[in-house]
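Me: Got a structure I'd like to go through with you. Can we take it piece by piece?

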Amino acid sequence: MTSFDGLVRSSLGVDEPPANPATRIDPTAPDPAHAVALVPGLAFDAQGYRIGYGGGYYDAFLATFPGTTVGLCRRAQLAESLCAQGAIEPHDVPVQTVISG
C-alpha cells in the first residue's frame, strides 16, 4: 500500500488497510516465531502493558501470537506503571518490547 486512499473504516471507526489473507500469520506454518507484530496503543508502560481503544482485539491476538511483539510510542505516551494507575485488567497481555523516542 503506497497511499491512504485504499484504507477502509473498521467496525471500531479506525481506518485500516483492507484484509489480505496473504499477510496473515498462520501459527501452524513452519517457524512462525520469526514473525514480528507492531502493536499500537494510546499509552504503554515499562512492563509492556498498553492502553488501546477498548476492543480487546490485540489482547486476544497477543495471547496466541508465537512471534515477537513490539509496542511503538512517543516518550510522552510511556508510563512507569499502568497497573499502579488501575488501567490493567486480568485479560490484558503485554508486548515483549516497548520502543519510545
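Predicted model: local features only at pLDDT ≥ 70, side-chain atom pairs only at ≥ 80, totals over all residues.

Me: Where does D92 lie?
Reply: In the loop between β7 (78–79) and β8 (97–100).

Me: Is D92 buried or exposed?
Reply: D92 is buried. Even so, D92 has no salt bridge.

Me: What's the nearest side chain of opposite charge, and how far away?
Reply: R50, at 6.7 Å.

Me: Which side chain makes a polar contact with the side chain of D92?
Reply: The side chain of H91 does, at 3.5 Å.

Me: And leaving aside neighbours within four places in sequence, what is D92 in contact with?
Reply: Y49, D59 and A87.

Me: New topic. How many aromatic pairs does the structure hold?
Reply: Three. One of them is Y57 with Y58, the ring centres being 5.0 Å apart.

Me: Why is that pair edge-to-face?
Reply: Because the planes of Y57 and Y58 stand at 85°, and over 60 degrees counts as edge-to-face.

Me: How exposed are Y57 and Y58?
Reply: Y57 is exposed, with a relative accessible area of 54%. Y58 is partly exposed, at 27%.

Me: Which residues do ring pairs link into a cluster?
Reply: Y57, Y58, F61 and F65.

Conventions. Residues numbered from 1 in each chain as written. Heavy atoms only, no water. Helix = DSSP H or I, 4+ residues; strand = E, 2+ residues; numbered from the N terminus. Buried < 20%, exposed > 50% of the residue type's maximum accessible area, 1.4 Å probe, protein only. Lys, Arg positive; Asp, Glu negative; His and termini not counted. Salt bridge = Lys/Arg side-chain N within 4 Å of Asp/Glu carboxyl O. Polar contact = N/O pair within 3.5 Å; in protein donor to acceptor, adjacent residues only side chain to side chain. Contact = heavy atoms within 4.5 Å. Phe/Tyr/Trp six-rings, centres within 6.5 Å; stacked < 30°, edge-to-face > 60°.
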